[in-house]
Amino acid sequence: QVPLVESGGGLVEAGDSLRLSCAASRRAFSTYYRIGWFRQAPGKEREFVAATNWIRAVTFYADSVKGRFAISRDNAKNTLHLQMNSLKPEDTAVYYCAAKTSALRQSYDDWGQGTQVTVSS
């Protein structure tokens, strides 16, 4: 069973919006320290997009998406969202949800399988 499941990807035009969702299947998000979004474009390394510390609700964004993307969450549905506005062709990538169990962990522990976002010019 995949610990995290992403949804909401698709093909849009530049300037459009999309909302990605991440659902946790094994444990409540409140038991994680941090939940983040990463993306990987063809031929490029995976890069950080945004993250939130679940308990303190502190959020972090990559400079490339700051002001355009926003994390939100639905505690009742154990779901995290990534609202993506003013999308650009360079936002095209597979987007992954990931979760870290502790502040002491160097890397993220659980990952989803990814959802494709394609932005046409």
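Me: Which residues do ring pairs link into a cluster?

Reply: The cluster consists of F38, F48, Y108 and W111, linked by ring pairs. Keep in mind that we are looking at a predicted model.

Me: How many aromatic pairs does the count come to?

Reply: The count comes to 6 aromatic pairs. Let's look at one of them, F38 with Y108.

Me: Are F38 and Y108 buried or exposed?

Reply: Both F38 and Y108 are buried.

Me: Now to charges over rings. Which residue lies over the face of Y108?

Reply: That is K100, at 5.0 Å from the ring centre of Y108. Another case involves W54: the charged end of R73 sits over the ring of W54, at 4.1 Å from its centre.

Me: Let's turn to salt bridges. How many does the count come to?

Reply: There are 5 salt bridges by the count. Start with D91 and R68, whose closest N and O atoms are 2.8 Å apart. This pair links distant parts of the chain, 23 residues apart: D91 is in the loop between β8 (79-84) and β9, and R68 is in the loop between β6 (58-61) and β7 (69-74).

Me: Why do D91 and R68 count as buried?

Reply: Buried means under 20% relative accessible area. D91 has 1% and R68 has 12%, so both count as buried.

Me: What about the salt bridge of D109 with R105?

Reply: In that one the closest N and O atoms are 2.6 Å apart. D109 is partly exposed, with a relative accessible area of 25%, and R105 is partly exposed too, at 41%.

Me: Which residues do salt bridges that share partners join into one network?

Reply: The network contains R39, E47, R68 and D91.

Me: Where does D63 come in, and is D63 buried or exposed?

Reply: D63 forms a salt bridge with K66, and the closest N and O atoms are 3.2 Å apart. D63 is exposed, with a relative accessible area of 66%.

Me: Last topic: N85. Where is N85 found?

Reply: N85 is in the loop between β8 and β9. Its relative accessibility is 30%, and N85 counts as partly exposed.

Me: With which residues is N85 in contact, leaving aside its neighbours within four places in sequence?

Reply: The partners of N85 are D16, S17, R68 and F69. D16 is 69 residues away along the chain, but the C-alpha atoms of N85 and D16 are separated by 6.3 Å.

Me: And which polar contacts do the side chains make?

Reply: The side chain of N85 meets that of S17 in a polar contact of 2.9 Å. It also makes a polar contact with the side chain of Q83, at 2.9 Å.

Note on methods: Residues are numbered from 1 along each chain as its sequence is written. This is a predicted model: local features need pLDDT of at least 70, side-chain atom pairs count only at pLDDT 80 or more; totals for chains, interfaces and linings use all residues. Side-chain values use heavy atoms; hydrogens and water are left out. Rings of Phe, Tyr and Trp (its six-membered ring) pair if their centres lie within 6.5 Å; planes under 30 degrees apart count as stacked, over 60 as edge-to-face and the rest as tilted. Buried means under 20% relative accessible area, exposed over 50%, partly exposed in between (1.4 Å probe, protein chains only). A charge sits over a ring if NZ of Lys or CZ of Arg is within 6 Å of the ring centre and within 35 degrees of the ring normal. A salt bridge is a side-chain nitrogen of Lys or Arg within 4 Å of a carboxyl oxygen of Asp or Glu. Helices (H or I, at least four residues) and strands (E, at least two) are DSSP runs, numbered from the N terminus. Contact means heavy atoms within 4.5 Å. A polar contact is a pair of N or O atoms within 3.5 Å; within protein, one must be able to donate a hydrogen and the other to accept it, and residues adjacent in sequence count only if both atoms are side-chain atoms.
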